[in-house]
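Please look through the structure below before reading on. The paragraphs after it go through the model part by part.

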Amino acid sequence: MKRSRTVWTAVALLLTALGASALPAEAATAATTRATVCPTGWGSLPKTREAGTSTPVRNVRTARHTCYDRMVIDVPGASRSALGYSVGYVAHLYQDGSGREIHVGGGAVLEVRISAPAYDPETGKPTYPAEAGRRLPGVDLTGYRAFRDTRFAASFEGDTQLGLGVRTRLPFRVLRTDGHLIVDVAHSWNGTP
């Protein structure tokens, strides 16, 4: 009889321990799911800021986040206040200077203009190794939820023009920090990740 009680006590303790360790994981998963609420108030209308710099663009990179996809244009040495931009949805992307149409894949096209050259203003030599009409060098959009394509359009008269193809017309925001212009495109309109 004593042995039987010992076995049942051991089984009860084991089940209690397993149940206790399983509950916090389930509770943590539920809490994490409830806590992820994505911003939706960015809108899809054009966003602009008047300013400009002769400090050149050096790189463009992208990143995936829980609620949005991000494009960062690196302009090292430029202050936040000097970074002017114009970002908005367009029916077609036309290259500055020539007017040539540049095809950008995706359901919608964001034209991203930054008031900074992609060349050294003193020598005219490129500071960002992109070619008109081609994908942005070093950018791989595999696994992105909003982004579909990137294209370099031009760097003309001190402005650099890029095309960002997205899944469909989605809300976006533009941020500036010293040395960086940031474009975030939300994954959805309804605040779900």
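Are C38 and C67 buried or exposed? Both C38 and C67 are buried, where buried means under 20% relative accessible area, exposed over 50% and partly exposed in between, with a 1.4 Å probe and protein chains only.

This is a predicted model, in which local features need pLDDT of at least 70 and side-chain atom pairs count only at pLDDT 80 or more, while totals for chains, interfaces and linings use all residues. Residues are numbered from 1 along each chain as its sequence is written, and side-chain values use heavy atoms, leaving out hydrogens and water. The average pLDDT (the predictor's confidence in each residue, from 0 to 100) of the protein chain is 87, and 82% of the residues score at least 70. Over residues 10–33, pLDDT stays under 50.

C38 and C67 are joined by a disulfide, S to S 2.0 Å; the term stands for a pair of cysteine sulfur atoms within 2.5 Å. C38 sits in the loop between helix 1 (2–35) and strand 1 (47–49), and C67 in the loop between strand 2 and strand 3, so the pair ties together parts that are 29 residues apart in sequence. Helices (H or I, at least four residues) and strands (E, at least two) are DSSP runs, numbered from the N terminus.

Strand 2 (residues 59–64) and strand 3 (residues 68–74) pair in the antiparallel sense over six bridges; pairing requires that DSSP finds at least two bridges between two strands. Three residues lie between strand 2 and strand 3 in this hairpin, and R64 has D69 in strand 3 as its bridge partner.

Key. Contact means heavy atoms within 4.5 Å.
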